[in-house]
Protein chains: 2
Amino acid sequence: MNISQAAEASGLPAKTIRYYEEIELVKPERNANGYRAFTDTDIHNLTFLARARALGFSIEDCRALLALYDDKSRASSDVRKIALRHLDEIEAKIADLTAMRDTLSHLVQTCHGDDRPDCPILKGLGDDDPTRT
Amino acid sequence: MNISQAAEASGLPAKTIRYYEEIELVKPERNANGYRAFTDTDIHNLTFLARARALGFSIEDCRALLALYDDKSRASSDVRKIALRHLDEIEAKIADLTAMRDTLSHLVQTCHGDDRPDCPILKGLGDDDPTRT
DNA sequence: ATAAGGGTTCCAGTTACTGGAAGGTCAAGG
DNA sequence: CCTTGACCTTCCAGTAACTGGAACCCTTAT
């Protein structure tokens, strides 16, 4: 399989796959002409990577998960630990963003949004007491 | 005011303030000895930046907001437009993260998390049909 | 005189790609 | 046989927004 088929099959851009080879997440063989030759296992790993990345796992987490995947003797608790830590990070980000949204949404609601130069949003961001209405 | 006082007053690390000067978000004067001299206006702008960044506005958004702040004739609707766009981005991120969390949380719940090598999380990430239990 | 605790610049690294240039390879058509 | 177009290759640079560190200058106190 050439890189464009691998891209098609995994859902990753070819550029990204080359990058993943560079950082040694995948190690496809090469044909005589220098083209990368992806096996079914390579495709599987790339698909795995695409899914894990879509779930927000970092590249290093992905590397660890792939290693665990290959390690037939690993305990499922090892994987669970990584997943739970990541879940915590996601929860924290959601909480952060939710707080941002609430604050910003409040500012936006207090803004008349017309042609007048007086703007409560800028006031809220710039005043000494940002909680003041 | 020296940079460490400006950092204290604005809540930004000195490194970040230097960076903001480099990208021309602030333009403090210099003392004879070469030290940056921050005025009250500089501090105000830095505080503004700290708050806007904490709300997740990009640097370029911050630049625009600061320009609007200085522009006494600007309409509040200009500011509101930037804020609303950003609010949409935040909502989109929350939605993404929530979807991630739900999927991952489901995978974690199906994982027994003990010493057995069989791991539903890896299965979920690697199998052909990721929706399968 | 010197030591601590400021300040300065500049360079490199971070994350995870992405775009683009320059050039080799392959299959089809004329 | 040659060309054309679609592949493929490598390498270099850039993105966002800092952050760490080295090397060096300034100030103040002992």
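This is a predicted model: local features need pLDDT of at least 70, side-chain atom pairs count only at pLDDT 80 or more; totals for chains, interfaces and linings use all residues.
Me: What pattern does chain A follow, read along the sequence?

Reply: Read that way, chain A goes α-α-β-β-α-α-α-α, built from 6 helices and 2 strands. Helices here are DSSP runs of H or I with at least four residues, strands are runs of E with at least two, and both are numbered from the N terminus. Residues are numbered from 1 along each chain as its sequence is written, with chains lettered from A and ligands numbered from 1 in the order in which they are written.

Me: How do you know how chain A compares with a compact globule?

Reply: Taken over C-alpha atoms, the radius is compared with 2.2 Å times the number of residues to the power 0.38. For 133 residues a compact globule would come out near 14 Å, but chain A has 23 Å. The C-alpha trace spans about 70 × 40 × 20 Å along its principal axes. Buried residues make up 26% of chain A, a residue being buried if 20 or more other C-beta atoms, placed from the backbone, lie within 10 Å of its own.

Me: Where is chain A divided into domains, and how far apart are their centres?

Reply: Domain 1 is 1-74 and domain 2 is 75-133; the bounds come from an automatic or database domain assignment. The C-alpha centres of the two domains of chain A lie 35 Å apart. In contact across the boundary are 7 residues of domain 1 and 6 residues of domain 2, where contact asks for C-beta atoms, placed from the backbone, within 7 Å.

Me: What makes up the side of chain A that touches chain B?

Reply: The contact involves 48 residues of chain A and 48 residues of chain B. Helices H3 (40-54), H4, H5 (76-110) and H6 (120-126) of chain A each give two or more residues, and H5(A) gives the most, with 21. By class, that side has 25 nonpolar, 12 polar and 11 charged residues. Ala, Val, Leu, Ile, Met, Phe, Trp, Tyr, Cys and Pro count as nonpolar, Asp, Glu, Lys and Arg as charged, and the others, Gly among them, as polar.

Me: Which residues come nearest to DNA strand C?

Reply: Near means a C-beta atom, placed from the backbone, within 6 Å of the strand. Of the 17 residues around DNA strand C, Asn33(A), Ser58(A), Ile59(A), Ser4(B) and Arg36(B) come nearest. H2(A) gives the most to this surface, with 3 residues.

Me: And which come nearest to DNA strand D?

Reply: There, of 17 residues, Asn2(A), Ser4(A), Arg36(A), Ser58(B) and Ile59(B) come nearest. The largest share of that surface, 3 residues, comes from H2(B).

Key. Two residues are in contact if their C-beta atoms, placed from the backbone, lie within 7 Å. A residue is buried if 20 or more other C-beta atoms lie within 10 Å of its own, exposed if 12 or fewer, and partly exposed in between; C-beta atoms are placed from the backbone.
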